[in-house]
Amino acid sequence: MENIIYPENLNSSDIISFFTDKTFDIKKFLEKYEVYMPIQKHTDKVLLLWEDKNPKIADAVITSKKGIFIGVKVADCLPILLYDSTKKVIAAVHAGWRSTAKGILKNTLAKMYEIFNCQSKDIFIAMGPSIRGCCYEVGQEVIDALKAQTSSDEYILFLNGKKHIDLAIANKIQALSMGINIKNIWISKDCTYCNHERYSSYRFHGKGTGRQYGIIGMLEL
Ligand SMILES: [Zn+2]
């Protein structure tokens with residue numbers, strides 16, 4: 001489908017994983033499939049999805065359950081999907097600057113290691129369309145907050161005397177610091193602000209804008 005983006009590194013036959021643009025009909029999808037989405041609040045909270053499927057506040061979800069999708073919705077923020085191909089564990093993360101500054105992806109990986117015995121070499125990470133360094137001007141307080149969890153400055157850009165950040169690169173650095181193989185990380189090239197005709201961009205369209213999604217699920221074989 002043209003409104004779907006398939007990450008190249010999450011193409012195992014026992015999972016379905018994709019990012020969407022803003023034209024994706026989530027209502028139709030929800031009519032057909034069970035999808036768990038947390039109540040996103042820019043936190044560092046990671047939810048483990050077992051039997052209780054009531055929506056709870058969190059910005060990341062991990063599960064080893066099959067037959068249910070997990071997902072996050074975004075508009076400029078970075079959607080991240082994870083898959084451990086050996087332990088058969090999946091995760092979905094909503095990483096805006098606040099959650100990135102709080103280390104949401106690191107927390108997610110730490111839980112995968114701790115609770116599911118995942119090993120870093122088996123984990124594949126896909127980062128969907130988000131506002132990229134070209135368009136994401138921020139204040140010094142955002143950079144100061146991000147520095148606490150992000151070991152290198154590679155995600156900070158100076159454009160026309162303004163400070164910009166790239167959330168995907170900041171999260172890539174955090175993933176590498178947790179032992180993830182760089183070859184296992186895929187990053188969409190699309191900037192949601194540059195491509196605001198295709199994607200919802202909070203910065204471009206404002207508060208009332210729609211959302212796009214990152215969704216992953218394991219099949220019941
Ligand atoms: Zn851009």
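## Briefing on a predicted protein chain

V35 stands opposite F69, a residue of strand 6. This pair belongs to a predicted model, in which the protein chain contains six helices and 13 strands. The radius of gyration of the chain is 16 Å, close to the 17 Å that the globule rule gives for 221 residues, so the chain is as compact as a globular protein of that length.

**Overall form**

- Taken along the principal axes, the box filled by the C-alpha atoms of the protein chain is roughly 55 × 35 × 30 Å.
- Buried residues make up 43% of the 221 residues in the protein chain.
- Of the contacts between residues at least 6 apart in sequence, 68% join residues that are at least 24 apart.

- An open sheet is formed by five strands with mixed pairing, and their order is 1-2-13-6-3.
- Strand 1 (4-5) and strand 3 (35-36) are the edge strands of this sheet, each pairing on one side only.
- The partner of strand 3 is strand 6 (residues 69-74); the two run in the parallel sense and pair over two bridges.

**Helix 3**

- Helix 3 covers residues 104-116, a total of 13 residues.
- From the first C-alpha of helix 3 to its last the distance is 17 Å, close to the 18 Å expected at 1.5 Å a residue.
- The buried residues of helix 3 are I104, L105, N107, T108, L109 and M112.

**Helix 5**

- Helix 5 spans residues 167-177, and its buried residues include L167, A168, A170 and N171.
- K172, Q174 and A175 are also buried in helix 5.
- G179 follows helix 5 and has a positive phi, near 90°.

**The surroundings of T192**

- T192 is found in the loop that links strand 12 (185-187) with helix 6 (202-205).
- Is T192 buried or exposed? T192 counts as buried because it has 31 C-beta neighbours inside 10 Å, and the cut-off for a buried residue is 20 or more.
- When neighbours within four places in sequence are set aside, the contacts of T192 are D76, P129, S130, I131, Y199, S200 and S201.
- T192 and F19 are 173 residues apart along the chain, and 12 Å separates their C-alpha atoms.

Conventions: Residues numbered from 1 in each chain as written. Predicted model: local features only at pLDDT ≥ 70, side-chain atom pairs only at ≥ 80, totals over all residues. Helix = DSSP H or I, 4+ residues; strand = E, 2+ residues; numbered from the N terminus. Rg over C-alpha atoms; globule rule 2.2 N^0.38 Å. Buried ≥ 20, exposed ≤ 12 C-beta atoms within 10 Å, placed from the backbone. Contact = placed C-beta atoms within 7 Å. Pairing = 2+ DSSP bridges. Expected span 1.5 Å × (residues − 1).
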